[in-house]
Amino acid sequence: MSSQEAIPPSPLTPKFWHLLSPGEVATHLAVDPDAGLTSEEASRRIAQYGPNDIRERPPRPLWRMFLDQFTDFMILVLIGAAIISGIVGEPPDAIAIVVIVLLNGVIGFVQEYRAERAVAALKLLAASTARVRRDGQVTEMSALQLVPGDVVLLEAGNTMPADLRLIETVQLKVDESPLTGESVPVEKRTASLHEADAPLGDRVSLAYKGTSVTYGRGCGLVVATGMQTELGRIASMLGSEEVVKTPLQKRLAQFGQRLALMALAICAIVFAVGVLRGESVVLMFLTAVSLAVAAIPEALPAVVTVSLALGARRLVQKQALIRRLAAVETLGSVTYICSDKTGTLTQNKMRVETFFVSGQPENGPTGDEESWRWLLKAMALSNDAVRHEDGRMIGDPTEVALFQGAEDKGYKKAELLVQAPRVAELPFDSDRKCMTTLHREGSEVVAFTKGAPEQIVALCDGQLAGHARTALDTAAILAQAERMAAEGLRVLAVAYRTWPDLPAALTSDSVERGLTFLGLVGLMDPPREEAREAVALCKSAGITPVMITGDHPATARAIALRLGIIENHDAVLTGQELAKLPLDEYEARVEGIRVYARVSPEQKITIVKGLQDQGEFVAMTGDGVNDAPALQKADIGIAMGMTGTDVARESAHMILLDDNFATIVTAVEEGRRIFDNIRKFIKYALSCNTAEVWTIFLAPFLGLPIPLLPIHILWINLVTDGLPGLALAVEPEEQGLMERPPRPPRESIFADGMWQDILWIGLLMGGVALVTQAWAYRTGHAHWQTMVFTVLTLSQMGNVLALRSERASFFQLGPWSNLPLLGAVALTFVLQMATIYVPALNPIFKTEPLDLDELLLCLVLSSIVFIAVEIEKWCIRRGWLRWNSKNIEQVTV
């Protein structure tokens with residue numbers, strides 16, 4: 001029996017593989033690293049462990065996606081109202097409600113379907129194949145077929161197909177930024193470690209699925225596949241998160257429930273009062289039901305959906321893909337944006353930031369100094385990065401940055417190699433912490449050495465300052481290196497030495513001594529150019545930006561300072577410090593912490609939850625696998641579309657197609673505009689609907705007959721709530737929209753005097769209609785009911801024009817700034833005139849043609865509401881009148 005058959009795969013979890021030596025790992029996995037698994041054993045193990053893939057939640061079927069659009073409480077109430085209307089013999093209203101409900105559902109379904117398809121199109125296949133040693137032969141196979149114990153060969157450019165315990169490394173460096181947030185590639189080793197609970201970024205003998213090789217080569221044993229990998233563990237965390245409702249969903253759910261109860265109460269009161277006055281039971285039942293339906297703004301779901309759909313469409317044009325419609329509005333309520341650093345606020349690309357040459361910190365050559373010439377030549381020549389014909393740079397990110405830094409100053413590697421070809425090298429070694437390349441230049445051989453400052457300085461016995469070699473000032477150089485490191489820079493020192501010929505012994509002891517110090521180079525993954533402005537705009541909008549990263553605290557502080565996220569005195573909280581804080585103490589401090597460093601994925605969720613527990617609405621941006629659980633936990637998760645991982649995009653509510661942090665500001669503005677417009681519609685619809693209720697409810701108490709018939713109520717409800725209300729969805733943003741703080745998440749949707757406006761406008765509109773009825777009825781006008789019908793309809797048109805802004809006059813906005821609304825008002829006026837003057841419609845709508853005097857009187861009376869609302873706004877602009885939500889008790893809806 002072979003050893004593979006005798007010893008089953010180890011049940012050890014990946015947490016402990018780094019504690020074992022390569023030989024012990026091979027023994028536990030029952031594999032000979034020189035031969036690999038046999039095909040038979042691999043088949044047995046894939047049957048035991050399953051394919052090496054990340055199981056995704058099954059997508060919603062299309063029918064479920066469509067039906068989900070009809071689960072809102074108000075939608076269900078409207079469906080019930082449509083059924084009742086059909087039963088009692090009022091099909092026009094039933095049809096109108098069904099059409100609006102179906103429109104709402106279709107728009108929401110189409111948007112979600114398109115978003116799902118767009119996300120599918122963004123998916124990139126990572127690690128689709130792997131080079132594996134099986135049956136003693138190296139073969140390339142699908143990564144899905146990998147099993148624990150497989151021997152995987154690695155080289156620069158490869159993506160890790162599974163979690164590996166490395167057993168062979170040759171200058172192997174791995175980019176783990178998608179998993180840990182660390183922007184600098186990690187140098188890997190094979191030796192076992194001794195700390196069981198070492199962070200992922202410190203487990204240098206392991207390589208994780210989804211990360212990529214940037215330099216060198218290696219070999220590893222598969223220790224975890226599929227859902228057992230670190231990537232799979234994070235994916236499993238995603239499925240356990242609950243679905244969070246947006247602020248708008250919460251407000252409208254409460255609003256709809258209360259409105260439905262109010263409508264039922266109104267229905268009962270009107271029916272009872274009418275019957276007691278001797279009216280027909282059937283007539284009063286139809287009137288009460290019609291009035292109850294009229295009290296509910298059935299166009300509200302459609303207006304909300306259209307507003308969000310149009311906003312999502314606008315945002316796609318501005319490089320933001322909305323995966324769920326309601327996420328558009330959530331941005332308008334966000335109070336904190338928790339952003340990953342690497343790739344979101346920064347470019348995820350190392351760049352030379354500063355130099356220290358001739359004893360002075362500089363940003364570039366200040367003259368034709370010998371020290372600068374040697375330093376830039378060293379940066380270009382002592383470098384393994386290469387530029388492909390298509391312009392792409394390949395190599396370790398640090399070397400790519402040095403290559404680019406030298407090239408930007410006019411020192412091109414390809415041209416310099418012609419004059420000084422490389423003749424030998426001493427590769428980078430983690431023990432020496434430096435590398436050396438030797439070049440033949442004319443009759444001499446030049447050795448360039450770069451590495452850790454403390455290591456390089458120890459190898460030098462002089463320094464080049466300007467054109468002269470001077471004594472080495474070790475203390476000054478190391479002090480400067482510490483200052484640069486404290487600013488978040490990765491610091492490299494560069495030195496050189498000339499030889500008459502190639503040294504006979506190419507060892508570090510013989511070559512790397514007696515060097516001349518050239519300078520220090522400070523590198524950083526720099527902030528995005530537009531990120532600082534975006535952070536400033538967030539602050540002006542009352543939104544607090546927070547940086548959360550797995551990177552070093554000094555680097556996080558430096559980036560945060562440059563972006564304006566923190567000031568000099570602000571502290572940076574590390575993951576280790578966070579783990580030691582009691583929950584109550586942390587939540588007491590959470591709103592004052594702006595930067596977190598060295599945090600784990602679980603701690604990111606803790607941070608988001610801590611803010612949410614303080615009543616904040618949190619957006620989380622990120623692009624890595626480590627961001628995914630927090631993206632899902634946040635009130636809105638924002639993933640990167642270009643550099644983001646599949647897991648992050650699938651977890652997000654919104655995807656930035658251009659990976660631009662500044663796009664979030666655009667989305668916030670759009671969310672605020674949408675919420676403003678929804679509030680305007682609610683104010684408009686409820687003030688108009690309450691006017692209808694006041695008109696019918698108060699008329700009997702004033703000794704007047706019922707002023708409107710059921711068909712009149714339904715017609716007004718249809719033409720005034722429909723097109724004009726939908727046209728409010730495209731109203732442009734108010735001036736100063738991004739200069740005000742976010743709306744408090746717990747604030748009533750009726751805040752800032754909105755319910756007072758609804759009350760007095762509804763009473764005024766109803767009063768005008770009752771005055772019209774009383775005058776026409778008492779003076780014997782046979783057309784009094786048609787006049788009331790017309791005044792109430794046209795008053796609502798004046799109302800919608802005046803409510804376009806909470807402060808600005810209609811005339812300041814201009815009639816042409818919202819053409820859809822102007823068209824909807826004009827169409828409603830034409831339709832209303834048709835019900836009066838088209839003979840075929842008179843018997844249907846129980847109307848009679850008005851003479852010119854009566855029509856002119858109706859037009860004058862219906863202008864009163866428009867004039868009154870404009871006067872109110874004029875008083876607000878003068879500071880004479882202001883509803884203050886802090887001083888007036890609010891109706892909580």
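## Salt bridges and a nonpolar surface patch

Glu 670 is buried, with a relative accessible area of 4%; here buried means under 20% relative accessible area, exposed means over 50%, and partly exposed lies in between (1.4 Å probe, protein chains only). The model is predicted, so local features need pLDDT of at least 70 and side-chain atom pairs count only at pLDDT 80 or more, while totals for chains, interfaces and linings use all residues. Residues are numbered from 1 along each chain as its sequence is written, and side-chain values use heavy atoms, with hydrogens and water left out.

The structure contains 29 salt bridges, a salt bridge being a side-chain nitrogen of Lys or Arg within 4 Å of a carboxyl oxygen of Asp or Glu. One of them joins Glu 670 to Arg 314, with 3.2 Å between the closest N and O atoms. This pair connects distant parts of the chain, since Glu 670 belongs to helix H27 (residues 662-698) and Arg 314 to helix H11 (residues 299-317), 356 residues apart. Helices (H or I, at least four residues) and strands (E, at least two) are DSSP runs numbered from the N terminus. Whereas Glu 670 is buried, Arg 314 is partly exposed, at a relative accessible area of 33%.

A salt bridge also forms between the side chains of Glu 399 and Lys 450, at 2.7 Å from N to O. Glu 399 lies in helix H15 (residues 397-408) and Lys 450 in strand S16 (residues 444-451), so that distant parts of the chain, 51 residues apart, are linked. Both partners are buried: Glu 399 has a relative accessible area of 7%, and Lys 450 has 8% relative accessibility.

The side chains of Glu 806 and Arg 679 meet in a salt bridge of 3.4 Å, N to O. Arg 679 is in helix H27, and Glu 806 is in the loop between helix H31 (784-802) and helix H32 (810-813); these distant parts of the chain are 127 residues apart. Glu 806 is partly exposed, with a relative accessible area of 29%, whereas Arg 679 counts as buried at 2% relative accessibility.

Elsewhere, salt bridges link Glu 41, Arg 44 and Arg 45 in a network.

The surface also carries a nonpolar patch of about 390 Å², made by Leu 76, Ile 79, Ile 83 and Ile 87. Patches are made of residues with over 30% relative accessible area and no salt bridge; like charges are joined within 9 Å, and nonpolar side chains (Val, Leu, Ile, Met, Phe, Trp, Tyr) within 5 Å. Accessible areas come from the Shrake-Rupley method with a 1.4 Å probe, and for residues only the protein chains shown count as cover.
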